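Here is a short report on the inside of one protein model.

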Amino acid sequence: MNILFICSRNKWRSPTAETIYKNKQNHQVKSAGTEPSSKNKVSAKLIIWADIIFVMEKKHRQRLQDRFPNEMTDKEVVILEIEDEYQYMDEELVEMIKLSVDPYL
């Protein structure tokens, strides 16, 4: 399964999720951001690659749908409802991601 995690700047939330799941068997994991200043910017190629997309907030799903309407057709998107108030690998953030993502895997 190809898993894509999306947040705004690909600085804290989605890289944390990528780190948590990147060494799991049977999963390929990447992360990206929706902002121009993102470390790794989301692209049509990444969306096509993904079997499931986890976004941190509703606005991220909307941005993906606005920018990549064709690629987003029939994509499974899960909104995690995790606000941008955590640092990379923050203990509470890790726990929230695991609780939200594990049921889908």
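## Cavity

Cys7, Arg9, Lys11, Trp12, Arg13 and Asp84 line the largest cavity. A cavity here is a set of points, on a 1 Å grid over the protein atoms alone, where a 1.4 Å probe fits but cannot get out; lining residues have an atom within 4 Å of a point. The lining has two nonpolar, no polar and four charged residues. Asp, Glu, Lys and Arg count as charged; Ala, Val, Leu, Ile, Met, Phe, Trp, Tyr, Cys and Pro count as nonpolar; the others, Gly among them, are polar.

The volume of this cavity is about 30 Å³. The structure holds one cavity of 30 Å³ or more. Volume is the space filled by probe spheres set on the grid points, which are joined across faces, edges and corners.

## Basis of the model

This is a predicted model: local features need pLDDT of at least 70 and side-chain atom pairs pLDDT 80 or more, while totals for chains, interfaces and linings use all residues. Residues are numbered from 1 along each chain as its sequence is written, and side-chain values use heavy atoms, without hydrogens or water.

## Nonpolar cores

The largest nonpolar core has 18 residues. Phe5, Phe54 and Ile97 have the most contacts inside it. Two or more residues each come from β1 (2-7), α1 (13-21), β3 (52-55) and α5 (91-101). The top contributor is α5, with four residues. Another core, of twelve residues, lies apart from it and includes Ala32, Val42, Leu46 and Val55.

A core joins buried Ala, Val, Leu, Ile, Met, Phe, Trp, Tyr and Cys residues through side-chain atoms within 4.5 Å. Buried means under 20% relative accessible area, exposed over 50%, and partly exposed in between (1.4 Å probe, protein chains only). Helices (H or I, at least four residues) and strands (E, at least two) are DSSP runs, numbered from the N terminus.

## Helix α5

Leu93, Val94, Ile97 and Val101 are the buried residues of α5. They fall within an arc of 100° seen down the helix axis, so they line one face. The arc is taken from the directions from the axis to the C-beta atoms. These buried residues pack against β1, α1 and β3. The face turned away from the buried side carries exposed Glu91 and Leu99.

## Serine 8

Serine 8 lies in the loop between β1 and α1. Serine 8 counts as buried because its relative accessibility is 8%. Beyond neighbours within four places in sequence, its contacts (heavy atoms within 4.5 Å) include Arg13, Glu35, Lys59 and His60.

Key:
1 Å grid on protein atoms, 1.4 Å probe; cavity = no way out; pocket = protein on both sides within 12 Å on 5 of 7 lines; lining within 4 Å.
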